Amino acid sequence: MKNTPSVEQHLEIYRRMLLVRHLEESLGALHKEGRTRGPIHRCDGQEAVGVAATAVLEAGDKVATTHRGHAVYIGKGMAMRPVVAEILGRATGACGGRAGHMLIADAEKGVIGGNAIVGAGIPAATGMALSMQILGTGNVAMCIFGDGAAQTGICHEAMNMAGLWKLPVVFVLEHNQFGLTVPSDVQSPVKDLSIRAAGYAMPAEIVDGNDAVAVYRAVSAMTERARRGEGPGMVECKTYRIEGFSTSDMGGYQKPQDIAAWKARDPLLVSRKALLGDVDETKLADIEAAAKAEVAEAFETALSDPLPEFSVDEACNPYSGAH
């Protein structure tokens, strides 16, 4: 089938999803031990969206994501150690320990970063697409955002501009059923948020967000048409936020039966089952063991890395008397 990832591509998607899962679980364990600072927004169960969507991008393409963006960081090719070190506030982090887990960026990888402002990555990616169009780079911008962000005014303004100017941007909606603690069905009068794309003259497709192959196919098709100059597209990936809004979430508002049903369709299980038709159990077991070891090593190293040092430039200090 057109736009279907090869077996090797699917294996790499699976490997990166494993990395993200171990990253999230390790962060959760450290938080319980009181060894992290501030809330951390985990994406357990949503890895297929961030990893498979970014797998279709080229080196020069750029992506903006949300405060729940770990899968996007790893999916676009960032190494595990600088990501872990950044989350833990170490000098060896991708941003020198100054960004924290929500705002990690890597310009060389095309990762423009997450954003703590809900929906703010949408106009950022649209602006990047306008720049690409003007400069004629042939690249594509992508924004991955949630159903909560889809309700913001800036989302509609950006999509309107993208449709009007036929910008090379792909809108990937990670519909995880909740905006903070509020279920999607009491935020929107429509179940499928992607129907709004028609109002901006752009095509849209709804896919199973827990099926990495389905996500890859749909996003790949939208990315190809954007790269050809045919304008923006939207993919709505239906998934579920297994964990709370953040590690500070007290919970109690998600139905246990819903969590159980979505865990039974874990994206790791979906990909593993599909891959077993092409590769043997031993190969998958090796990939799984290596991914776990890679994350463990990244945490062990990062936890012993130094904290960043800060200094005050007296020439710019309004209280120094030197200005």
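Buried means under 20% relative accessible area, exposed means over 50%, and partly exposed lies in between. Keep that scale in mind for this tour of a predicted model.

**Stop 1: Tyr253.** Select Tyr253 first. Its relative accessible area is 24%, so Tyr253 is partly exposed.

**Stop 2: Phe178.** Now select Phe178. Phe178 has 10% relative accessibility, so it counts as buried. Tyr240 is buried too.

**Stop 3: the ring pairs.** How many aromatic pairs are there? The count is 3. Show Phe178 with Tyr240: the two rings sit edge-to-face, 5.8 Å centre to centre, with 75° between the planes. Phe178 belongs to strand β5 (residues 178-179) and Tyr240 to the loop between β8 (233-238) and α8 (256-263), so this pair ties together parts 62 residues apart in sequence.

Next, show Phe178 with Tyr253. This pair is edge-to-face as well, at 5.6 Å centre to centre and 70° between the planes. Tyr253 lies in the loop between β8 and α8, so its pairing with Phe178 in β5 links parts 75 residues apart in sequence.

Phe178, Tyr240, Tyr253 and Trp262 make up one aromatic cluster.

**Stop 4: two helices.** Select α2 (residues 47-54) and α7 (residues 212-227). Their axes come within 8 Å and cross at roughly 40°. That angle makes α2 oblique to α7. The crossing is right-handed.

Which residues of α2 and α7 meet? From α2, show Ala48, Val49, Ala52 and Ala53; from α7, show Ala212, Val215, Tyr216 and Val219. The contact has 8 nonpolar residues, no polar ones and no charged ones.

Technical notes. Residues numbered from 1 in each chain as written. Predicted model: local features only at pLDDT ≥ 70, side-chain atom pairs only at ≥ 80, totals over all residues. Heavy atoms only, no water. Phe/Tyr/Trp six-rings, centres within 6.5 Å; stacked < 30°, edge-to-face > 60°. Helix = DSSP H or I, 4+ residues; strand = E, 2+ residues; numbered from the N terminus. Buried < 20%, exposed > 50% of the residue type's maximum accessible area, 1.4 Å probe, protein only. Axes fitted to C-alpha atoms, helices over the stretch in contact; angles between N-to-C directions. Parallel < 35°, antiparallel > 145°, perpendicular 65-115°, else oblique. Left-handed = near helix turned anticlockwise from the far one by under 90°. Contact = heavy atoms within 4.5 Å. Nonpolar A, V, L, I, M, F, W, Y, C, P; charged D, E, K, R; others polar.
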